[in-house]
Amino acid sequence: MRCIVIVKATRETEAGVMPSTERLAAMGKFNEELVKAGVMLAGEGLHPSSRGARVRFEGTQRSVIDGPFAETKELIAGFWLWQVKSMAEAIEWLKRAPFDNGTEVEIRPVFEAEDFGDKFTDALRAQEASLREQIGSRQ
């Protein structure tokens with residue numbers, strides 16, 4: 001199963017405080033372990049919400065809200081995309097991550113084709129496979 005591991009934002013990440021060299025080295029070591037184990041598919045840190053925007057959709061109207069966004073607890077500072085056998089395996093990996101100071105990290109399964117049942121028709125499956133192939137060829 002694939003899962004996304006969401007690292008919640010903090011006052012420090014929203015203020016643009018960069019991690020120390022030691023923190024970057026520890027995270028690099030952890031990421032290396034994930035890659036060697038075949039778990040990590042992707043992972044990135046995000047700039048503060050002050051550099052972002054939100055788009056709200058209401059009918060045919062589109063409105064843009066520029067950051068920063070007030071509720072830090074609702075924001076994310078980074079993510080991983082992992083391939084694991086189970087949620088339990090993802091939790092065990094995450095427990096090894098070099099976080100401290102009350103950092104909150106959320107794990108959520110990613111939908112797979114079979115999760116959609118009959119609604120995900122053969123034509124839609126073919127379209128999805130084609131798109132994934134195109135994305136793969138760019139890397």
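Is W80 buried or exposed? W80 is buried, with a relative accessible area of 4%; buried means under 20% relative accessible area, exposed over 50%, and partly exposed in between, using a 1.4 Å probe and protein chains only.

1. **Ground rules.** This is a predicted model, in which local features need pLDDT of at least 70 and side-chain atom pairs count only at pLDDT 80 or more, while totals for chains, interfaces and linings use all residues. Residues are numbered from 1 along each chain as its sequence is written, and side-chain values use heavy atoms, with hydrogens and water left out.

2. **Aromatic pairs.** The structure holds six aromatic pairs. Rings of Phe, Tyr and Trp (its six-membered ring) pair if their centres lie within 6.5 Å; planes under 30 degrees apart count as stacked, over 60 as edge-to-face and the rest as tilted. W80 and W82 have ring centres 5.4 Å apart and planes at 40°, so this pair is tilted. W82 is buried too, with a relative accessible area of 0%. Another tilted pair is F116 with F120, at 5.8 Å centre to centre and 40° between the planes. Here F116 is partly exposed at 40% relative accessibility, whereas F120 is buried at 17%.

3. **An aromatic cluster.** W80 and W82 also belong to one aromatic cluster with F30, W93 and F99.

4. R2 lies in strand β1 (residues 2–8); helices (H or I, at least four residues) and strands (E, at least two) are DSSP runs, numbered from the N terminus. R2 is buried, with a relative accessible area of 14%. Leaving aside residues up to four places away in sequence, R2 touches several residues, including W82, F111 and R132, where contact means heavy atoms within 4.5 Å. The side chains of R2 and E112 are joined by a polar contact of 2.9 Å. A polar contact is a pair of N or O atoms within 3.5 Å; within protein, one must be able to donate a hydrogen and the other to accept it, and residues adjacent in sequence count only if both atoms are side-chain atoms.

5. **Salt bridges.** The whole structure contains nine salt bridges, each being a side-chain nitrogen of Lys or Arg within 4 Å of a carboxyl oxygen of Asp or Glu. K8 and E106 form one of them (3.3 Å, N to O). This pair links distant parts of the chain, with K8 in strand β1 and E106 in strand β6 (residues 105–109), 98 residues apart. E106 is partly exposed, at 26%. R108 also bridges to E106 (3.7 Å, N to O), and shared partners join K8, E106 and R108 into one network.

6. D100 and R23 meet in a salt bridge at 2.9 Å, N to O. D100 sits in the loop between α3 (87–95) and β6, and R23 in helix α2 (residues 21–36), 77 residues apart. Both partners are partly exposed: D100 at 38% and R23 at 29%.

7. **A charge without a bridge.** E14, in helix α1 (residues 11–14), is worth a look. E14 is buried yet has no salt bridge, and R54, the nearest side chain of opposite charge, is 8.1 Å away. The side chain of E14 does make a polar contact with the side chain of S49, at 2.4 Å.

Conventions
Lys, Arg positive; Asp, Glu negative; His and termini not counted.
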